[in-house]
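Here are some notes for a colleague who is opening this structure for the first time. Please read them with the sequence and the model side by side.

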Amino acid sequence: MSDVLLPKNLHEVWKIFDKSSETLVYAGGTDLLVKLASSRVPHSTPNVLVCLENIEELRNIRETDGRVRIGACVTHSRLLSHPLIRDNFPVLPKALRLLGSPPVRNMGTLGGNICTASPAGDALPALYLLDAELEISSQKGSRFIPIGQFIKGPGYAELQSGEILIAIWLDKNNDYTIHHFEKVGQRNALAISIASMAALIKLSSEGIVEKIRLAWGSVAPTIALSSEVETVLIGKPLSQVVLNEARPLLNQAISPIDDIRAKAEYRRTVAANLLIRLSRYNGHDKV
Amino acid sequence: MKEYAIINSRLPKVDAWAKVTGDARYTDDLTMPNMLYGALLQSPLAHAKIKRIDTSKAEKLPGVKDVVTAKEAGLVKYGVSPARYDETIFCDQKVRYIGDEIAAVAAVDLETALEAVSLIEVEYEELPLLLDPFEARKEGAIAIHDDFPNNICAEVHQEFGNVEEALKTCDYIRTDKFVNKKQDGAFLEPQSCIATYDLNGNLTLTSSTQTVHYVQRTVAMVLGLPIGKVRVTKPCVGGGFGPKASANTIELVASLLSMRTGRPVKMTFTREQVFQHSRARHQFFHELTTGVMKDGTLIALKNVCHMDGGAYSSFGIATVYYGGSLLGAPYKLPNMKYDGYRMYTNKPANGAQRGHGGVIARAAWEQQLDVIAEELGMDPLELRLKNMMKKGDVTCNDFNMSSFGMEECLEAIRDGSGWKEKKGKLPKGKGIGVACGFFVSGAGFPIYRSETFHSTAMIKLSEDGGTINLYTAAADIGQGSDTVLTMMAAEAIGVRYEDVRVSSGDTDFGVDLGAYSSRQTLMSGHAVKQAGEDVRNQVLEVLSRNLKIPVEDMDIKQGLIIFKKGKVDFSGLRSQYIKEHRGWVDAPSGDELTFKEAARVAYFEKGVVVGRGSYKPGDLGGKYKGAAVGTSPAYGCSAQVVEVSVDMDTGKITIDNMTDAHDCGFAINRTNVEGQMQGSLSMGVGEALYEEIKFDAKGRVVNPTFGEYRIPTALDMPNVNAIIIESNEPNGPWGAKEVGEGAIMPTIPAILNAIYDATGIRVRELPVTSERLFMAMKEKNKK
């Protein structure tokens, strides 16, 4: 049995950190509480669980100088319906719509999805493409770190003892015309992704790729990026032929594994097929 | 068709308000004063000798009230079929799967009980593991049960007609193999129970069960109590689908702990324990050889089936028979040979699940029939129509189709799905498939040999005549038997639906074998109908004497007495009733004599007005060994058309449309019948596309959660066009027969046939995950 503490502000969090050495921090608990419950032996759990979801300053979304600051404890449901997110970063709600189920989206938070650092985290490919910057705080102050440097490996994020993630910063000025997310799971809801891909694309009026950013989930220890694939597509139309040329480059960028949900070979092929499917946008300049 | 006041309608379920408001109470919602919590110590090894058990540390933990092992529980063997009692409450010499029960603790709260369990020390000596049923039957393999040296728990060999000779006459013969994976019942409510042993030596067990009767018998036998001292009752139950149709470990352990401590004891499975206890669908390995004539006439079927039984027999003896017998229909098939083998392995015991042993055999065969139709250049729906049995046909294994609306089902789905416009005309990536199936309306015999009634019912009128109490031991586990039986009672008596109050699922209310084998509408229904008619006759007879009007000149409808030959002066009865109930709100009024006034007259004469009903099937034919598994008073049947889309880049299958027609004989509650059809289809979708219990090399279930053991969500199910066919079953109450399980039979093969139509791939291994289909398509493209 563990105590669950519900601090109301950051000051209270720091006080808890001062007092207890063995703490486990969470927000929605959709991942952590399931893990704790499945090991039912009482004394294997940490001494103190610290739930951040009641901290008001971690729960708001605001705009500052062309940047949007999302509190780490904003739920996926809230993000889905928030005009700032919907209008400026449509790729994010496209991904979040496929995350878990309504109850999971009502409880789970964006900060939680990041700190869990799963390669299958549904919000992560979009956040990588949006160059999300993370605000990490401790009693000593704040630091900022790009999401790609924060997430180090499966389940492993660059969070020091005494630190918490308090906000996610996104730059508003992007001129992408296509905001794309696709996920392959084993059913239509409540399915952890087997492979996913997010894309931000700017096509010229002639349908030529001017800018493109791509990210894949569940096919590498962290979100997979490939500047090689992006480079080869720039200046070309999104045709099947062109996209197929990029397939070998993608192969080098990903390193999927066999697990309980799918085999590596399937993930590898599907990751490439998701890329080739971008040809559906060939000739469409806005989606 | 005859007009009915209550049945054949769409009345809301009796428990609708409680369910939609969350007021319904399930076992784990209940507490008792002074209640203890029980927890199990289960084996972490799949096959091992127990060298030593030390419970001393657990006993010393404050808050612990009792610790029990085989030493305290005894070694009385039990199981489902008396032919294979192979379980004891706790393991004594060895453990046979991960989860096998070794000890239990009762403590003041669950946390203490769990901590005490972790303090019990067990020393094991590991034994070789047998996880593969084919390895298990090899010569020299270690015996999981000493009495079964080759690990064959049961085998069945049946032949009807002469298959080898018949195959020689066939124009076309083909053999196919098919395999599924071990399933979980995936009911939402884990098993839970509270046992209360009182100072007079009565044990009351409240449990999440499908069958209070069998649990009562098992608990009494294993714990050495007189049957009459054991009462088993169920509150709301959140699904069962088969695995809850026999006594489980916690029912026995909680009872034992309560007897020893004198306090109520609650035990509830975690979801992982549900997966470990299992008793759900087996893994089947079928090899089917079918012979036909050029014109599509079915001549012979040879069926060889190996089943992974898991560590204990559970329902397996019945399952291994059903794996053969349920292919005897719905097609005319003169020759059928079956060889079935059920092997013990070091995995959770497999048992019964919706459609019992027939679902995978059906999936295998209906897909093979599709292949045969294609080879013969026939429309698969036409092939089925050509061979279809009709009312009055008897199968080669002696099943009597006393009603059989199979042809109507096929025609309904053909026309309802637009089959003719779609078959063969869909673009690549889209497909349409058809399949049929049938199922029993109740097992013809109890699971133990007995002359017992299968269902009894009692209807008691209240003293004021205004309430009709129906008592039945039938189990409503969410499927709606309380509603159906209430409607039947109201119809039989002639009163309003809301005047009948049902009390059910309690061994004190009578005998009922319970909610399994799709039996309650037909069997419990017969008993309730009879009890209702008994009450009706008793009331009318007393009224007849009182008013001097012949019984045949009266009727009861909607709670009113109908005098067929004109007005009758009943003012004396009315003024007496009103006088006695002055000050109460429900005085009778109006021009008609009410049922409650009539019932009051019957009360004055009899004191107690009780209607009685009881049912058992008559002689059902079939004298061969194993005939008891599959013979039934009636058979439901169904046909389905499924349409799918396949994403060629990922293998993802989307079910676009399902058209299902089911012959339920006569629909007592039409909405409920459709609900059962939809539920069956949803379960079939899960088994076809997603569900598989996975094991690691040590025999541990690696996906014991609904996150990684995937059943369909609302987003995975299409709308279902559910078409009710009514063939008026002569052996059913008002013509009713089953819908609960038969509707799942065609689902899996109809999906498989649709996938083939979409992709050209025949998948003979379930589940057809996106990955499995994708890799098969990739393989095919290579060739």
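1. Contact here means heavy atoms within 4.5 Å. Among contacts in chain A between residues at least 6 apart in sequence, 63% join residues at least 24 apart.

2. On conventions: this is a predicted model, in which local features need pLDDT of at least 70, side-chain atom pairs count only at pLDDT 80 or more, and totals for chains, interfaces and linings use all residues. Residues are numbered from 1 along each chain as its sequence is written, chains are lettered from A and ligands numbered from 1 in the order in which they are written, and side-chain values use heavy atoms, without hydrogens or water.

3. Chain A contains 13 helices and 14 strands. Helices (H or I, at least four residues) and strands (E, at least two) are DSSP runs, numbered from the N terminus.

4. The radius of gyration of chain A is 20 Å, which agrees with the value near 19 Å that a compact globule of 287 residues would have. This radius is taken over C-alpha atoms, and the globule rule is 2.2 Å times the number of residues to the power 0.38. Along the principal axes, the C-alpha atoms of chain A fill a box of roughly 60 × 45 × 30 Å.

5. In chain A, 54% of the 287 residues count as buried. Buried means under 20% relative accessible area, exposed over 50%, and partly exposed in between (1.4 Å probe, protein chains only).

6. One residue to look up in chain A is I85(A), which is found in helix α4 (residues 83–88). I85(A) is buried, with a relative accessible area of 0%. Leaving aside neighbours within four places in sequence, I85(A) is in contact with I61(A), V68(A), I70(A), L79(A), P90(A), L92(A) and P93(A). V68(A) is 17 residues from I85(A) along the chain, and their C-alpha atoms are separated by 8.4 Å.

7. Chain B has cis peptide bonds to check. One joins A329(B) and P330(B), with omega about 5°; P330(B) is in the loop between α10 (316–325) and β15 (335–344). Another joins L766(B) and P767(B), with omega about -10°; P767(B) is in the loop between α20 (747–759) and α21 (770–782).

8. Which residues other than glycine have a positive phi? H356(B) is one of them, with phi near 35°, and this residue lies in the loop between β15 and α11 (358–376). H356(B) counts as buried at 10% relative accessibility. D398(B) also has a positive phi, of about 70°, and is partly exposed at 31%.
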